[in-house]
Amino acid sequence: MASLLIAVIYLAFVSLGLPDSLLGSAWPTMRVAFGVPSSYAGYVSMLVCFMTIFSSLLSPRLIRRFETKWIVIVSTAVTVAGLIGFSLSGAYWMLFIFAVPYGLGAGAVDAALNQYVANHYSSRVMNFLHCFYGLGAVISPNIMALALKYARWNEGYRWTAYLQLGILFICILSIPLWKVNSEKDEQLKAETATIKEALKVPGVVLTLIAFFSYCAGEATCFLWTSSYFAGTRSGMSEELIAAFGSLVFGGLMLGRLIAGFVSDAVGDRIMIRVGIAVEFAGILLVALPVKTYIVAAVGFLIVGTGMGPVYPAIQHMAPVNFGARYSAPVIGLQMASAYIGATLMPAVFGYIQQYAGIWIMPLYIALFAALNIALLEIAYKRLAIKKTPNRGLRKRLEKEAGRYMDIGRKIIVLGSPGSGKSTFSRKLHAVTGLPLIHLDNVWWKPDRTHISREEFDAELAEILQGDEWIIDGDYSRTYEVRFRACDTVIFLDLGLDQCMEGIAERIGKDRPDIPWTEREPDPELIRDVEEYREKKRPVVLSLMEQYPDKIQLRFTSRAEADGWLETLL
């Protein structure tokens, strides 16, 4: 079921890419049909992107209110309406009417799926996801090229709408598959921050400006690549110029395909640095003053290849950099800032090229590539991860960091009530992306009754059969079965006073790890804390000796645990 869902998500991203490259590939012909200047493409693109910005900013609210599957289905249907509207447009002004649904559908589905994949899947899946966006963006200019050769540009939009309808039908059939992550989705909804809160997190604003810069360069390539060849190279047919509009999209797909195979091993930050370096190499080729169009074509393909891993890497890092609580609003803001760049800067380039000439395009793209990498490097030094106050501890953790980089895919977190297991587990989940299960949510019901032991054991057995998980909860009766199944044991071995402070701090707070809000201290829970070091702690330590093959981490303070989490970044 999980594999089928990933396939459907990939297909949904094909549908996201289909409309994005149509205007750029068709515009040299469309502007002649409408009798308008070349720069008028920027106005249409601006409105499409404005509507995408609007729906991106709405996405955190939509995600809190609706399931991702419904956002995908409705947004795809709205985009189909926009495509059909473009195909029916007989005058330039009509494009502005249908640009509204064209853009609204894109922003919501883009933000929702990026947030969904960032929180549920690895960097590998995120890169493959955006690779399929590139596939859609490559398909549509070639559909348009066929339409220009055998029919009219209007038919290119209509044929793309028919393909989009087929994808919509598959998305509707896939509705039952989305149950696989429904429990975790509900947990994320409960703790999602607002946009206002996300903007206060250090590093977020710089990341947004970097995203603006990235999409400014990318969108300029999308819209003006065909026009660049038309204005700088002679002897090219109309169909070839339109088809070359897909070069950057093809490069994006190639770059993300390569990144999908190596990103989990290399890491998102290195992928960003390598990608932008490759992009600069491609820009140099495009800028070479040679008459043949082949060198520039290869250059644009390399530009797209370099750009490929940058966008998905930034999106995938949102839960890691800023925490799962902030991932939905941060990704929504990243989408909005990206589309602001995509809205404004291609239009700005339209004005510049009217006076300076289309040849200046490589310099324009290079400026935004430089801004992108510079701002990201600054932003990632200001991540909102709590710094370890103890310098000696920091040195030890830095020394041991390599030892713990591979911490396994099956992790149990143990410790007394009040030790911070659930908070630590959520942070670990944000860093690793591993599925998180709170055993209190398995055992307890919202009315403070609980399921039977037999039901609990059956549910736990099913959880343990999974390939990857973080299991938060003490439940000493199940220690051994979890020790046998796990790769890693993390024991928060905090003292009595620290745990009592933890119990006091949770009063009156809504928490995703338990199905009610504690309004007053629970005498039974306090007794468990008082007896833990005498009754349960020796059992945990004994099992750690019995299973020396497991990766074992033992922390005696919250600062030490947070410091270790920092070494995983």
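Let me begin with disulfides, defined as pairs of cysteine sulfur atoms within 2.5 Å. By this rule the count here is zero. Cys 131 is buried because its relative accessible area is 7%, and Cys 499 counts as buried at 2%.

A word on the source. This is a predicted model, in which local features need pLDDT of at least 70 and side-chain atom pairs count only at pLDDT 80 or more, while totals for chains, interfaces and linings use all residues. Residues are numbered from 1 along each chain as its sequence is written, and side-chain values use heavy atoms, with hydrogens and water left out.

I turn to the nonpolar cores. Such a core is a set of buried Ala, Val, Leu, Ile, Met, Phe, Trp, Tyr and Cys residues joined through side-chain atoms within 4.5 Å. The largest one has 118 residues, and Ile 9, Met 30, Tyr 157, Ile 272 and Phe 300 have the most contacts inside it. Helix α10 gives the most to this core, with 15 residues; helices (H or I, at least four residues) and strands (E, at least two) are DSSP runs, numbered from the N terminus. A second, separate core of 23 residues includes Leu 439, Trp 443, Phe 483 and Phe 491.

What does Tyr 157 touch, leaving aside its neighbours within four places in sequence? With contact meaning heavy atoms within 4.5 Å, its partners include Leu 22, Met 30, Phe 86 and Tyr 102.

Helix α10 spans residues 204-232 and holds Ser 213. Ser 213 counts as buried because its relative accessibility is 3%. Beyond residues up to four places away in sequence, Ser 213 touches Phe 368, Leu 371, Asn 372 and Leu 375.

Finally, the sheet. Five strands form an open sheet with parallel pairing, in the order β2-β3-β1-β4-β5; two strands pair if DSSP finds at least two bridges between them. At the edges are β2 (436-438) and β5 (551-555), each pairing on one side only. Three bridges join β2 to the parallel strand β3, residues 469-472, and Leu 436 stands opposite Ile 470 in β3. Helix α26 (residues 537-546) packs on the sheet, touching β1 (410-415), β4 (488-492) and β5, and its direction makes about 150° with that of β4. Here axes are lines fitted to C-alpha atoms, for helices over the stretch in contact, and angles run from 0 to 180 degrees between N-to-C directions.

Key: Buried means under 20% relative accessible area, exposed over 50%, partly exposed in between (1.4 Å probe, protein chains only).
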